[in-house]
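Hello,

Please find the structure below. My notes on what turned up in it follow.

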Amino acid sequence: MDFHQLVEDRDFWLGGIKIEHYKGALGHSDADVLLHALCDAMLGAACLGDIGVHFPDTDASLKNIDSKILLAKTALLIKEKGYSVVNADTTLCLQAPKIKNYIPLMQEAIAGILSIEKDAISIKATTTEKMGFVGREEGLVAYATVLLKKN
Ligand SMILES: [Zn+2]
């Protein structure tokens with residue numbers, strides 16, 4: 001699970017791709033909430049702590065880093081512990097924009113990094129019916145669950 005604030009004058013990276021929007025997610029890296037939730041779920045399932053332990057926001061070398069690099073590094077960390085990803089289910093909570101058309105591109109980006117089939121990466125999206133910080137377009141949330149196998 002991950003949260004980021006949405007602010008103006010930031011590129012909006014989501015699921016490994018850049019989306020045209022009037023706001024983007026704020027963070028130390030490119031702030032890709034979906035990839036961060038996925039990394040966190042992978043690390044958690046391998047009992048390797050969380051994303052903050054491995055990629056701290058105090059690390060200057062990670063400033064504005066492409067989160068696809070973090071996902072690749074995470075895949076390597078779980079591989080070193082003898083695991084690989086079988087499949088993943090993710091849910092994005094955001095009010096805007098509509099991301100339906102971007103989902104196949106996100107699946108492709110993620111599956112490519114994890115060396116698995118596109119349809120092993122489920123990406124679902126919901127609004128919060130204009131309620132709360134998500135509904136006010138102040139931020140967004142991503143949830144991820146992964147199944148790992150022991151190699
Ligand atoms: Zn994050």
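Predicted model: local features only at pLDDT ≥ 70, side-chain atom pairs only at ≥ 80, totals over all residues.

A helix in these notes is a DSSP run of H or I with at least four residues, and helices are numbered from the N terminus.

Helix α4

α4 is built from twelve residues, and its first and last C-alpha atoms are 16 Å apart, close to the 16 Å expected at 1.5 Å a residue. Its buried residues are I103, M106, Q107, I110, A111 and L114. These lie on the same side of α4, because the arc they cover around the axis is only 120°. In general, an α-helix has 3.6 residues a turn, so residues three or four places apart point the same way. The cover over the buried residues of α4 includes the strands β2 (12–14), β3 (17–19), β5 and β6, together with the helices α1 and α3.

Helix α3

α3 runs over residues 67–80, which is 14 residues, and spans 20 Å from first C-alpha to last, close to the 20 Å expected at 1.5 Å a residue. Which residues of α3 are buried? They are S67, L70, L71, T74, A75 and I78. Their arc around the axis is only 145°, so they sit on the same side of α3. On the face turned away from that buried side are the exposed residues K79 and E80. Among the elements that cover the buried residues of α3 are α1 (33–45), β5 (83–93), α4 (103–114) and β7 (139–150).

Both ends of α3 have something to note. The N-terminal end is capped by D66, with a side-chain oxygen 2.8 Å from the backbone nitrogen of K68. Just after the helix comes G82, which has a positive phi of about 95°.

How α1 meets α3

The axes of α1 and α3 are 10 Å apart, and the two helices pack at an angle of about 10°. The pair therefore counts as roughly parallel. From α1, the contact uses L35, H36, L38, C39, M42 and L43; from α3, it uses S67, K68, L70, L71, T74, A75, L77 and I78.

Single residues

Beyond its neighbours within four places in sequence, H36 touches D2, H4, S29, D30, A31, I51, S67 and L70.

L26 belongs to strand β4 (residues 23–26). With a relative accessible area of 38%, L26 is partly exposed. Setting aside neighbours within four places in sequence, its contacts are H4, Q5, V7, R10 and A31. L26 and G139 are 113 residues apart in sequence, but their C-alpha atoms are 8.9 Å apart in space.

M131 is in the loop that joins β6 (121–126) to α5 (132–135). It counts as exposed because its relative accessibility is 57%, and exposed starts over 50%. M131 and L105 are 26 residues apart in sequence and 28 Å apart from C-alpha to C-alpha.

Regards

Terms used
Residues numbered from 1 in each chain as written. Heavy atoms only, no water. Expected span 1.5 Å × (residues − 1). Buried < 20%, exposed > 50% of the residue type's maximum accessible area, 1.4 Å probe, protein only. Arc of directions from axis to C-beta. Contact = heavy atoms within 4.5 Å. Polar contact = N/O pair within 3.5 Å; in protein donor to acceptor, adjacent residues only side chain to side chain. Axes fitted to C-alpha atoms, helices over the stretch in contact; angles between N-to-C directions. Parallel < 35°, antiparallel > 145°, perpendicular 65-115°, else oblique.
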